[in-house]
Amino acid sequence: MEKNGSSYNLKPSCSTERVLDVPGASSAEGTAVQLYTSNGTKAQAFTIEKVTDSSSYVSAENIGDNVTARITNAKSGKSLTINGSGITQNAKSGSSDQGWVFTRNADMSYTIANIGDKSKV
C-alpha cells in the first residue's frame with residue numbers, strides 16, 4: 001500500500017511495478033479490477049474507510065491491525081466487492097462482500113482479505 005495524495009495505491013507483494021487498477025478508469029457497476037503497471041492515475045487510487053464509521057477516512061499508518069474497512073476507488077466512488085467472478089467495483093452497501101480485513105505484517109505492510117472469505121486477497 002503506497003500513499004498517493006489523499007488515497008492509496010494497492011500493490012501486491014508479488015509485484016514491484018503493478019497495482020490494483022480499474023480498467024479504463026471505468027465507473028460502470030460490476031467492472032472487474034485488475035493488476036496493471038503503476039501510472040499514477042485515479043483508476044489506481046483507492047480510499048480506505050473504517051466500516052464502523054463511514055464518514056471517517058483513515059490513513060494506512062492509523063488503520064491498526066485486524067481492522068475491517070471498505071476500499072473505494074477514488075475516481076468511480078464505487079467500492080471493491082468480492083463475488084463469484086473475482087473482485088469488482090460496485091455501489092457502496094452494507095454487505096460483507098465489501099468488508100476487507102487489514103492485518104499488519106512484521107514489515108509494516110498489510111495483508112488484506114475479504115471478511116467473508118479470508119482466502120480472497
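Predicted model: local features only at pLDDT ≥ 70, side-chain atom pairs only at ≥ 80, totals over all residues.
A salt bridge is a side-chain nitrogen of Lys or Arg within 4 Å of a carboxyl oxygen of Asp or Glu.

**Entry 1: a salt bridge to begin with**

I looked up Lys 92 and Glu 49. Their side chains meet in a salt bridge, 3.0 Å from N to O. Next I asked where the two partners sit. Lys 92 is in the loop between strand S9 (86-90) and strand S10 (100-104), while Glu 49 belongs to strand S6. The pair links distant parts of the chain, 43 residues apart.

Glu 49 has a relative accessible area of 0%, so I noted it as buried.

I stayed with Glu 49 and found another partner. Arg 70 forms a salt bridge with Glu 49, and their closest N and O atoms are 3.6 Å apart. Arg 70 lies in strand S7 and Glu 49 in strand S6 (residues 46-50), so this pair ties together parts that are 21 residues apart in sequence. Both Arg 70 and Glu 49 are buried.

Which residues are linked in a network of salt bridges? I wrote down Glu 49, Arg 70 and Lys 92.

**Entry 2: the remaining salt bridge**

How many salt bridges does the count come to? The answer is 3.

I checked the cover of both. Glu 29 is partly exposed, at 48% relative accessible area. Lys 78 has 17% relative accessibility and counts as buried, because buried means under 20%.

**Entry 3: stepping back to the whole chain**

Time for the overview. The chain has 0 helices and 11 strands. From the N terminus on, the elements read β-β-β-β-β-β-β-β-β-β-β. Of its 121 residues, 39% count as buried. I also noted that the chain exposes about 6,300 Å², with carbon and sulfur atoms supplying 49% of that area.

I was curious about contacts across the sequence. Among contacts between residues at least 6 apart, 43% join residues at least 24 apart.

**Entry 4: the nonpolar core**

Which residues have the most contacts inside the largest nonpolar core? I listed Phe 46, Ile 71, Leu 80, Trp 100, Phe 102 and Ile 112, in a core of 15 residues. Strands S6, S7, S8, S10 and S11 (110-114) each supply at least two residues of this core.

Leaving aside its neighbours within four places in sequence, Phe 46 is in contact with residues including Leu 10, Leu 20, Val 22, Ile 71 and Leu 80.

Then I searched for aromatic pairs, and the count comes to 1. The pair is Phe 102 with Tyr 110, edge-to-face, 5.8 Å centre to centre and with 75° between the planes.

**Entry 5: two serines**

Ser 79 came up next, and I found it in strand S8. At 0% relative accessibility, Ser 79 counts as buried. Its side chain makes a polar contact of 2.9 Å with the side chain of Thr 72. Beyond neighbours within four places in sequence, Ser 79 is in contact with Arg 70 and Lys 92, among others. I was pleased to see those names again, as Arg 70 and Lys 92 were in the salt-bridge network with Glu 49.

What is Ser 26 in contact with, leaving aside its neighbours within four places in sequence? I found Thr 31, Ser 76 and Gln 89.

Definitions and conventions:
Residues numbered from 1 in each chain as written. Heavy atoms only, no water. Contact = heavy atoms within 4.5 Å. Phe/Tyr/Trp six-rings, centres within 6.5 Å; stacked < 30°, edge-to-face > 60°. Buried < 20%, exposed > 50% of the residue type's maximum accessible area, 1.4 Å probe, protein only. Helix = DSSP H or I, 4+ residues; strand = E, 2+ residues; numbered from the N terminus. Areas by Shrake-Rupley, 256 points an atom, 1.4 Å probe, with all protein chains shown as cover. Polar contact = N/O pair within 3.5 Å; in protein donor to acceptor, adjacent residues only side chain to side chain. Core = buried A, V, L, I, M, F, W, Y, C linked by side-chain atoms within 4.5 Å.
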